[in-house]
Amino acid sequence: MNQRPNSLHASDIAHSMHPYTNMRAHEEKGPMIITRGDGARVFDDQGKEYIEALAGLWSVAVGFSETRLADAAYEQLKKLPYYHSFAHKAHEPSIRLAEKLAEMTPEGLNRVFFTNSGSEANDTVIKMAWFLNNGLGRPEKKKFLARNKGYHGITIASGSLTGLPSNHKDFDLPAIPVTHLTTPHYWRCANEGESEVAFTARLLKELEDTILAEGPETIAGFIGEPVMGAGGVMTPPVGYWPGVAEICAKYDILLVADEVINGFGRTGAPFGCQKYGFTPDILVTSKQLTSSYMPLAAIVVNDKVYNAIADNTAKLGTFGHGFTGSGHPVACAVGLENLAIIEENDLMGNAARLEPMFQDGLRKFADHPLVGEVRGVGLIAGVEMTKDRATKTAFEPAGAMATKVVALCAEEGLIVRNVYETVAFCPPLIVTEDDVAEILARFGRAMDKAL
Ligand code: PLP
């Protein structure tokens, strides 16, 4: 047995394997250890204060010190720390949360299945679609359509839906049949001189052509984030989502809105699909559902999907799918309390109210010599770094400037995240005007240093 290293820092280097990390670089650099939170701020083990402008991982809506969530967890742990929902069993927190989600999500989405993570939720969506189509006697209807730069998780199936190179490389993905379509990002993907409307029309034509080429009878679902998050915060071009919804309906393809980041007010509307004017067959949520105080994700489906699945379970005798932690009572109790806090404090309204200040404030950086484009909606935004804005030439090596800016932001007491060429912002929904002003000021100082 190894001797225990004598500091947390050394122990981390000796024993931890970090997700999304160059592990050899980490051995040199070591961890940034966060020890406590207070509202929109966190503190490291040196006592340094940071505004957490990515809300952890796009998730901590109510901030980092909400004692009501701690109390809700503790009360549930004392009353019933664990139970499950397999084979007709049930408990109050998951019943109440399912009811609440059916009420909060758009009309028609009525049935809820719980998982522990967004990745498991999207795996479950794929399995639901396969199960349902087998039950309907169309076993060839199995493929998924997704988008380049879409992010849907990292398990073998959800990672296959994800359209980002670093999630595929050397993992042998995609491992299931997925076709990735053009990223709906006007600034980066439009042709020279192409209008936004024409760009949308081209993407919709690509979608329909792909369906016809592969055969509508082979395509089970289309999945997308209303606003793309981890691929670089891309808002959709005008008319895109209603167009996608129309084409999916025409060819009987399930439309899945991955709202793991978008859900619960992030875009200024309760759900991203409402912001962009479409209703999915399946809506996936996680992250802000519990503010990530506990791991939990929820898949909310419409009656058409539910009935097809339910009919097949009647035929087969069961839905042979579910996790030990599906609808965990402590996670659901925390989720219920979290949604109550969001509603009581009108945090979704807060995102809409602060949107102009936040988005306009960031757009002032559009003329900065290092910036190609600033984009976003509600309280989510991306600032894309570009060596040459006119030609949209990226810095080399890829992502280097965004990485540098993020490190300089940390020096200034601001946590943001580099996603490829883009610096991403997604602050807790509790932020105030003063917090937004401080985020913009700290970012400005970091950008000046980066020159
Ligand atoms: N879907 C989206 C849109 C996400 O942003 C994420 C995570 O960032 C996931 C799915 C995967 O969620 P998890 O990390 O909980 O597996």
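**View 1. Phe43 and its bridge partner in strand 3.** Phe43 is bridged to Glu49 of strand 3. Strands here are DSSP runs of E with at least two residues, helices are runs of H or I with at least four residues, and both are numbered from the N terminus. Strand 2 (residues 41-44) and strand 3 (residues 49-52) run antiparallel and are joined by 3 bridges. This is a predicted model, in which local features need pLDDT of at least 70 and side-chain atom pairs count only at pLDDT 80 or more, while totals for chains, interfaces and linings use all residues. Residue numbers start from 1 along each chain as its sequence is written.

View 2. Domain 1 (32-65 + 346-450) and domain 2 (70-344) divide the chain, with bounds from an automatic or database domain assignment. Their C-alpha centres lie 26 Å apart. Domain 1 brings 29 residues to the contact and domain 2 brings 25 residues, where contact means that C-beta atoms, placed from the backbone, lie within 7 Å.

**View 3. The side of domain 1 that touches domain 2.** Among the elements giving two or more residues to this side are helix 3 (55-58), strand 11 (371-377) and strand 12 (380-385). Helix 15 gives the most, with 5 residues.

Key
Two strands pair if DSSP finds at least two bridges between them. Two residues are in contact if their C-beta atoms, placed from the backbone, lie within 7 Å.
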